[in-house]
Amino acid sequence: MPDSVTLSVNGAPITVPAGAMVSAAIAIAGVDRYRRSVTGEPRGPLCGMGICFECRVTIDGRAHCRSCQVVCQPGMEVRTDD
Amino acid sequence: MTDRDYDVVVVGAGPAGLAVACRAAECGRSVAMLDDNPHPGGQIWRGAAKESARWLRGDVAWIGGARVFDIPGPQQLAVETFEGECRVAYRSLILATGARERFLPFPGWTLPNVMGAGGLQALAKSGMPLAGRRVVIAGSGPLLLAVARYLRARGVDVRLIAEQAPQSALLRFGMRLAGHPAKLMQALTLRAGLLGVPYITSCWPVSAQGAERLQSVTLRRGDGSTRTEACDYLGCGFGLIANVELAALLGCRISKAGVEVDEFQETLEAGVFAAGEATGIGGLELSLVEGEIAGYAAGGRRDRAAALFAARTSHRRFAAALEQAFALRQELRNLPQPSTLVCRCEDVAMERVRACSNWREAKLHTRCGMGPCQGRICGGAVEFLLGWQSESVRPPVFPARVRSLSR
């Protein structure tokens, strides 16, 4: 198994350790705002374990994925709510 | 996905679930273990494959990344994974659904980079490098120390730990640790790993500042003094609460602490067991022994289960002392300002929730607790702030795709 994985966050390539979660990849890419709330506030991860739904992003075109529960895969395309 | 059928199905693959699966399989039962996370280990063993491996058996079926969202019929679970939906049938069901952090709302708590204490650790374990970053750990409970130690060992600049409990309560608790040598060793090791990090008791966060992200946190002491600490991350959790949603959906009786069980960890619903933090917060050792008891009982070896009762009693005594020591102080009820958001899914402010007289009214009038988390985050806050117990649970207990629901 290779020891790193390259994916894209908002169109920019980013390389992370193999096994890293998408939530970590987004943070490594320097993005703090994972989504905007229903009234437009910036939000990021809170619980880190799939309960709070604050770290929702779009992964490979599928909206509302909890980024803390998805393992990074090569070529994955991640979009935060920008 | 095809439907499946097992003697024993375990929901949750943390220490309790792993112990259940191991012991039930040892008794010759066909066992499946499923979890929302992609790997077994739960939160405490997230990223620690070696610890989980001691309990994993090749004959236990593993269904990862799986959420139970409904009970479509007797002895059946409706499960959604990234790939699709399936039904899992069981003769015995064991709920090892664990716990989550209790969050209390204060001004600025919704800013990016304000997280749970366990939440921040989970992100670090998920591959986020935090070395050199300034972190404040706050809230309550032994988890704060464990998180601080974990982060410090990875080069994080842990500025301070703010524990809301008074020192007097912790000292009383410390005296009782003497009866639990293993726990005392853990406490001492923790202390050694934390040299140089201030551990401030009777201290709690009152606001977080920042525009698009956290920049500083203001903390208050019991004597009324305040200090503001610049930081990149705040990890803040006020103890743990049991995950009981699935148990409630199954009709199990729930007490204030968690799912109610008998001496064999069986709930009042025949064939449904619960083990670990879901039955009340008690820590790793208690979770493991409860899991073993439930696993043996579901496997038909009640004699082996009964042999573990004494160990469980001892761990439960420790858990009770822990709860007493870290009881939340009344001042924390004043943390939210009228405009502070309580429900982060629907952005409902404290003043709107407070204007209602119960949960049901708050849900209907403000949508508090009606968003994707289904009140899992605001529920623990509202329970402490206003004394409202969450009401009945309805499917889907987790947001599910329309295709999964339409089957």
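Val57 of chain A stands opposite Cys65(A), which sits in strand 6 of chain A. Strand 5 (residues 56-59) and strand 6 (residues 62-66) of chain A pair in the antiparallel sense over three bridges. Two strands count as paired if DSSP finds at least two bridges between them. Helices (H or I, at least four residues) and strands (E, at least two) are DSSP runs, numbered from the N terminus. Two residues lie between the strands of this hairpin, and Asp60(A) takes a positive phi near 50°.

A word on the source. This is a predicted model: local features need pLDDT of at least 70, side-chain atom pairs count only at pLDDT 80 or more, and totals for chains, interfaces and linings use all residues. Residues are numbered from 1 along each chain as its sequence is written, and chains are lettered from A and ligands numbered from 1 in the order in which they are written.

Now chain B. The domain assignment gives domain 1 (4-100 + 241-322), domain 2 (103-238) and domain 3 (331-386). Such bounds come from an automatic or database assignment.

An open sheet of five strands in chain B has the order 8-15-9-10-11, with parallel pairing. Strand 8 (114-115) and strand 11 (199-200) of chain B stand at the edges with a single partner strand each, so one side of each is left without a neighbour in the sheet. Two bridges join strand 10 (residues 157-163) of chain B to strand 11 of chain B. There, Ala162(B) stands opposite Ile200(B).

What packs on this sheet? Helix 3 (residues 117-125) of chain B does, touching strand 8, strand 9 (134-140) and strand 15 (233-238) of chain B. Contact means C-beta atoms, placed from the backbone, within 7 Å. The direction of helix 3 of chain B makes about 130° with that of strand 15 of chain B. Axes are lines fitted to C-alpha atoms, for helices over the stretch in contact, and angles run from 0 to 180 degrees between N-to-C directions. Helix 4 (residues 142-153) of chain B also packs on the sheet, making about 175° with strand 10 of chain B.

On to the cores. A nonpolar core is a set of buried Ala, Val, Leu, Ile, Met, Phe, Trp, Tyr and Cys residues joined through C-beta atoms within 7 Å. Buried means 20 or more other C-beta atoms within 10 Å of a residue's own, again placed from the backbone. The largest core has 81 residues, and those with the most contacts inside it include Val22(A), Ala25(A) and Val135(B). Its largest share, six residues, comes from helix 4 of chain B. Domains 2 and 3 of chain B both give residues to this core, so it lies between them.

How do those two domains meet? Nine residues of domain 2 of chain B are in contact with 13 residues of domain 3 of chain B. The domain 2 side divides into seven nonpolar, two polar and no charged residues. Ala, Val, Leu, Ile, Met, Phe, Trp, Tyr, Cys and Pro count as nonpolar, Asp, Glu, Lys and Arg as charged, and the others, Gly among them, as polar.

Last, the chain interface. 30 residues of chain B are in contact with 31 residues of chain A. The largest share of the chain B side, five residues, comes from helix 3 of chain B. By class, that side has 11 nonpolar, 10 polar and nine charged residues.

Note on methods:
Buried ≥ 20, exposed ≤ 12 C-beta atoms within 10 Å, placed from the backbone.
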